[in-house]
Amino acid sequence: IRYSHEKDKFWDESEATRAYERTALAGKVKHIEKNEVRVQPPYPFDLTTLQVEAYRVFKMSPKEVLQLTQNLYENSYISYPRTSSQQLPPSLELKGVLEKISKIDAYSKEAKFLLTNNLTRPKNGSKSDPAHPAIHPTGIHGRMSEREHKLYDLIVRRFLACFGEVAIKESTKVTLDMGGEKYIGRGIAVKKEGWIPLYGKYYSPDEEKIPLLESGQAFKAEGKYKEKKMTQPPKRYTATSLVKALEKNNLGTKATRATIIAVSYTHLTLPTIYSV
């Protein structure tokens, strides 16, 4: 694991040089702080969050997601996709949906686990849509294209994950004394998996193990490094961040935002001009 100076960023190069020169390679553990973090299950998908997640894991554009979900809906594989809801009401008979999914080999183990442990109440989000619930599988499964199957799998895994239990992680902060200069290292580890296995490969891990240390323990570092970096401009918009921005500013509708972003443009040019 990498330890960084407690100041993190130095804006004065001479100050950074002095701290670097004072830093000794032999030191001791000054302080260890541990905290448990409860990580709630993810909410069911509304159209925007599905478009954002599909871009993250598959690099699918919002427009492609809209088309693929429409195909899945027309084949009765998923619910109506043009929704802003992150809620699955009890009226959907969710236990029955889970029972249908348990008969699909790819999801049988996870669905049966939820049913066996009576985990049939989902973690709902705050966004609602009076016309339609969150996007969810119907339990009907049949032939679909490769791209449709990728998106269907993501929707099913998200549906299963929102029924899971809270995951628990332990964060560790270690402070080192290196010749009077303090360095900080951070690690995080999963203590209870909860919903994480239900989301499967779509879970984005942030764990970083930290070596077992004790307060006051002496040690030697492998080396020390000094990096000079330039400040960076804000990140450019992506197709999905634009969708989120449109939704936040109440521009367009669930059905039109993807089209707004994908609309083509005409580039005007002049022919080569020769002097006469």
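This is a short chat about the predicted model shown above.

Reader: Start with the sheet. What is the strand order?

Author: The order is E1-E4-E3-E2-E5. The sheet is open, has five strands and pairs in the antiparallel sense.

Reader: Which strands stand at the edges?

Author: Strand E1 (4-5) and strand E5 (218-220). Each has a single partner strand, so one side of each has no neighbour in the sheet.

Reader: And what holds strands together in general?

Author: Strands of a sheet pair through backbone hydrogen bonds.

Reader: How many bridges join E3 and E4?

Author: There are 11 bridges between strand E3 (residues 167-178) and strand E4 (residues 181-192). Their pairing is antiparallel.

Reader: Where do individual residues line up? Take Glu170 and Ser171.

Author: Glu170 is opposite Ala189 in E4. Ser171 has Ile188 of E4 as its bridge partner.

Reader: What about E2 and E3?

Author: Strand E2 (residues 26-39) is joined to E3 by 11 bridges, and the two run antiparallel.

Reader: Is E3 largely enclosed or exposed?

Author: Nine of the 12 residues of E3 are buried, so E3 is largely enclosed by the rest of the structure.

Reader: Switching to helices. Where is Glu53?

Author: Glu53 is in helix H2 (residues 47-58).

Reader: Buried or exposed?

Author: Buried. The relative accessible area of Glu53 is 11%, and the cut-off for buried is under 20%.

Reader: What does Glu53 touch?

Author: Phe45, Leu154, Arg158, Tyr199 and Tyr202, not counting residues up to four places away in sequence. Leu154 and Arg158 are also among the H6 residues that meet H2.

Reader: How do H2 and H6 cross?

Author: The axes of H2 and helix H6 (residues 146-161) come within 11 Å and cross at roughly 120 degrees. The crossing is right-handed.

Reader: Which residues meet there?

Author: H2 brings Leu50, Glu53, Ala54, Val57 and Phe58. From H6 come Arg147, Lys150, Leu151, Leu154, Ile155 and Arg158. By class, this contact has seven nonpolar, four charged and no polar residues.

Reader: Now the largest nonpolar core. Which members touch the most others?

Author: Leu151, Tyr152, Leu154 and Leu160, out of 40 residues in that core.

Reader: Which helices supply it?

Author: H2, helix H3 (62-74), helix H4 (94-101), helix H5 (108-116), H6 and helix H7 (196-199) each give at least two residues. H6 gives the most, with eight residues.

Reader: What is Leu160 in contact with?

Author: Leu98, Ile101, Tyr107, Glu110, Ala111, Leu114 and Leu198, leaving aside neighbours within four places in sequence.

Reader: What other core lies apart from the largest one?

Author: A core of six residues, including Val174, Leu176, Met178 and Ile210.

Reader: Last one. Where is Thr256?

Author: Thr256 lies in the loop between helix H8 (239-248) and helix H9 (257-262).

Reader: How accessible is Thr256?

Author: Thr256 counts as partly exposed, at 32% relative accessibility.

Reader: And how far is Thr256 from Val243?

Author: The C-alpha to C-alpha distance is 10.0 Å, and the two are 13 residues apart in sequence.

Technical notes:
Residues numbered from 1 in each chain as written. Predicted model: local features only at pLDDT ≥ 70, side-chain atom pairs only at ≥ 80, totals over all residues. Heavy atoms only, no water. Pairing = 2+ DSSP bridges. Helix = DSSP H or I, 4+ residues; strand = E, 2+ residues; numbered from the N terminus. Buried < 20%, exposed > 50% of the residue type's maximum accessible area, 1.4 Å probe, protein only. Contact = heavy atoms within 4.5 Å. Axes fitted to C-alpha atoms, helices over the stretch in contact; angles between N-to-C directions. Left-handed = near helix turned anticlockwise from the far one by under 90°. Nonpolar A, V, L, I, M, F, W, Y, C, P; charged D, E, K, R; others polar. Core = buried A, V, L, I, M, F, W, Y, C linked by side-chain atoms within 4.5 Å.
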